[in-house]
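Hi everyone, thanks for coming. Have a look at it first.

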Number of protein chains: 2
Amino acid sequence: MRSPLFDRVAIIGLGLIGSSLCHVMRRENLASEVAGSARSAATLKTAERLKLCDRLYADPAEAAANADLVILCSPVGTYGALAGKIAPALKPGAIVSDVGSVKSTVIRDVGPHIPEGVHFIPGHPIAGTEHSGPEAGFAELFDGRWAILTPLPDSDAPALEQLKSFWERCGSPVEIMTPEHHDLVLAITSHLPHLIAYNIVGTASDLETVTEKEVMKFSAGGFRDFTRIASSDPTMWRDVFLNNKDAVLEMLGRFTEDLTELQRAIRWGDGDKLFDKFSQTRAVRRGIIEAGQETADPDFGRKHGTQRESAKKSA
Amino acid sequence: MRSPLFDRVAIIGLGLIGSSLCHVMRRENLASEVAGSARSAATLKTAERLKLCDRLYADPAEAAANADLVILCSPVGTYGALAGKIAPALKPGAIVSDVGSVKSTVIRDVGPHIPEGVHFIPGHPIAGTEHSGPEAGFAELFDGRWAILTPLPDSDAPALEQLKSFWERCGSPVEIMTPEHHDLVLAITSHLPHLIAYNIVGTASDLETVTEKEVMKFSAGGFRDFTRIASSDPTMWRDVFLNNKDAVLEMLGRFTEDLTELQRAIRWGDGDKLFDKFSQTRAVRRGIIEAGQETADPDFGRKHGTQRESAKKSA
């Protein structure tokens, strides 16, 4: 067993990402002590039952006190107030990071609270599932998924190295970029896909001519894929869109332009244009599979009827 | 082993659906003889190597000759010409069906060619993967997936019953509806999702500020889900959009209206509206899981890094 990277790590917020960090930190022996904090009594109780952390606190400042690494894992809209609360408790030389899906506004909201001598290095693991809450976490969540760090120009180099090692030992290769570029990249790879998925599921629930029951019954034709990311945590996603407005509106504008072109091709029966567009997109998936970010199995490796039953029998 | 339902079944087109039918017909002993036909020599050669059919023909009319059931499994744009070719060879009492994703135009294109005494009953199994071609098929594809039949007002009742039994023995529960209603239902559950997926993958490949490599690398945030259906067969999907224009444009209009509302909520920072919208969509996924059309496993049951390795070891 490798020796711990940190004496005490504080995880503020014990949802999918926070609880997964607790699991992987234990598996990899990343901290001598894991302190956890959550806003709701129910989450604290579940975390206690699951033994996610060595110590649990209702007050985030108590969790952060004496920690060498503090990671904010709650929705990004809570970060400003949280930073204000924990700031007085932070010990000199501590690292403060986060897992938020937006980085520029996090720097705006958290940065001013960070005391002299504490290292603030924002971060974002590109990992998740559609499930949320303290029971959703698992140690393998970060395996092979990129973690992006967006250090500030004056970020401490040894602290950055240590945080990089932390994520690598969680299973994540690390990429460094500016917060502004992060927010653009995520707007297209994550935020816009979520917006569109939420939107089409809404549209489909709201028809007079096709019942919701029919939508569910015949969803295997494509629709059900969209419902997965459209069942992600609504609070988290509200905060993402409120905090990455400009980049999301920019990407949405381009999406709509392109969709209008396809709409016109359908209206005028322009089969060549449709064929050309539909032929260009396979290569992107191949690239994602080659980059190790997706399974090559058909249908995401979903089990089909009898396969599912025989998998159950052999389990 | 149950006795065969048909003496001779002809499968015209040996892509994902056609080859899957060949596999399941063998497993379930649905036909004494399976005759196959494909347009391309390469497909015929692959079908021969895989022993998909008992007999293979370059000429669809030869495959259809003497068959009790003929199923068109090529892109819907080919159906009219195909029906013209096979019509003279069809034997009295035979059933002609198809698996096309659109039904009204199939009736328009195929119907006039069907001779007196032959039963034409259009069909559509709501099943598939993103892979195509004769090697993509597998016997379990239809397990638990609905097959929709859209008989005409004068369709022969015993023939309909027989076709229903065929699909049920392939693993599919059967739903009967009108062709017009089918086309509306599929426009929202399948056609619009594919259009949107193709579109966003196109938009993402076409940015100056974010490289295609970055899009692939960080796609686990949501985007990669869309690439699956955006790598479906371009010819098949061109034909779908050319043949279900009105219903797709109607659903697309509603989708765009709803998206514009979300766009406005983002622009004006209306967090309550975003939260409300994002909270309504989880129930739809729950319904799909309860209807047996989706896995309850997080992330479609995708294996994560170390899980993938240990699955390999145990395999």
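Okay, let's start with one spot where the two chains touch. On the chain A side, in α10(A), we have A:Pro234, A:Thr235, A:Trp237, A:Arg238, A:Phe241 and A:Leu242. They meet B:Gly271, B:Leu274, B:Phe275, B:Phe278 and B:Ser279, which sit in α12(B). Sorted by class, the residues of this contact of α10(A) with α12(B) come out as seven nonpolar, three polar and one charged.

Before I go on, please keep in mind that this is a predicted model.

So how do we describe a pair like that? Two packed helices are described by the angle between their axes and the distance between the axes. The crossing of α10(A) and α12(B) is right-handed.

Now to another pair across the chains. What does α7(A) meet in α7(B)? Well, A:Ile188, A:Leu192, A:Pro193, A:Ile196, A:Ile200 and A:Ala204 in α7(A) meet B:Ile188, B:Leu192, B:Pro193, B:Ile196, B:Ile200 and B:Ala204 in α7(B). In that contact of α7(A) with α7(B) you'll find twelve nonpolar residues, with no polar and no charged ones.

The geometry goes like this: α7(A), residues 179-205, packs against α7(B) at about 160 degrees, and their axes are 11 Å apart. That's why we call α7(A) and α7(B) roughly antiparallel to each other. Their crossing is right-handed.

α7(A) also has a partner within chain A. Helix α11 of chain A, residues 245-267, packs with α7(A) at an angle of about 65 degrees, with the axes 9 Å apart. Again, α7(A) passes α11(A) in a right-handed crossing. From α7(A), the contact uses A:Asp183, A:Leu184, A:Ala187, A:Ile188, A:His191, A:Leu192 and A:Leu195. From α11(A) come A:Ala247, A:Val248, A:Met251, A:Leu252 and A:Phe255. The contact of α7(A) with α11(A) has ten nonpolar residues, one polar and one charged. If you compare the lists, A:Ile188 and A:Leu192 turn up in the contact with α11(A) and also in the contact with α7(B).

Let's zoom out to the whole interface. How many residues of chain B are in contact with chain A? There are 98 of them, and they touch 98 residues of chain A. Among the elements giving two or more residues to the chain B side are α7, α11 and α12 of chain B. α7(B) gives the most, with 19 residues. By class, this side of chain B has 45 nonpolar, 32 polar and 21 charged residues.

And how do the two copies relate? A rotation of 180 degrees, with 0.0 Å of shift along its axis, superposes chain B on chain A with an RMSD of 0.0 Å. The two copies are therefore related as by a two-fold rotation axis. Also, 100% of the interface residues of chain B are interface residues in chain A too, so the copies meet through the same surface.

Chain A is assigned domain 1, 6-177, and domain 2, 181-269. Their C-alpha centres lie 29 Å apart. Where these domains meet, 14 residues of domain 1 of chain A are in contact with 17 residues of domain 2 of chain A. The domain 1 side of that contact has five nonpolar, seven polar and two charged residues.

Notes: Residues are numbered from 1 along each chain as its sequence is written. Chains are lettered from A and ligands numbered from 1 in the order in which they are written. This is a predicted model: local features need pLDDT of at least 70, side-chain atom pairs count only at pLDDT 80 or more; totals for chains, interfaces and linings use all residues. Domain bounds come from an automatic or database domain assignment. Two residues are in contact if their C-beta atoms, placed from the backbone, lie within 7 Å. Ala, Val, Leu, Ile, Met, Phe, Trp, Tyr, Cys and Pro count as nonpolar, Asp, Glu, Lys and Arg as charged, and the others, Gly among them, as polar. Helices (H or I, at least four residues) and strands (E, at least two) are DSSP runs, numbered from the N terminus. A crossing is left-handed if the near helix is turned anticlockwise from the far one by less than a right angle, and right-handed if clockwise. Copies are superposed by least squares on the C-alpha atoms of residues with pLDDT of at least 70 in both. Axes are lines fitted to C-alpha atoms, for helices over the stretch in contact, and angles run from 0 to 180 degrees between N-to-C directions. Angles under 35 degrees count as roughly parallel, over 145 as roughly antiparallel, 65 to 115 as roughly perpendicular and the rest as oblique.
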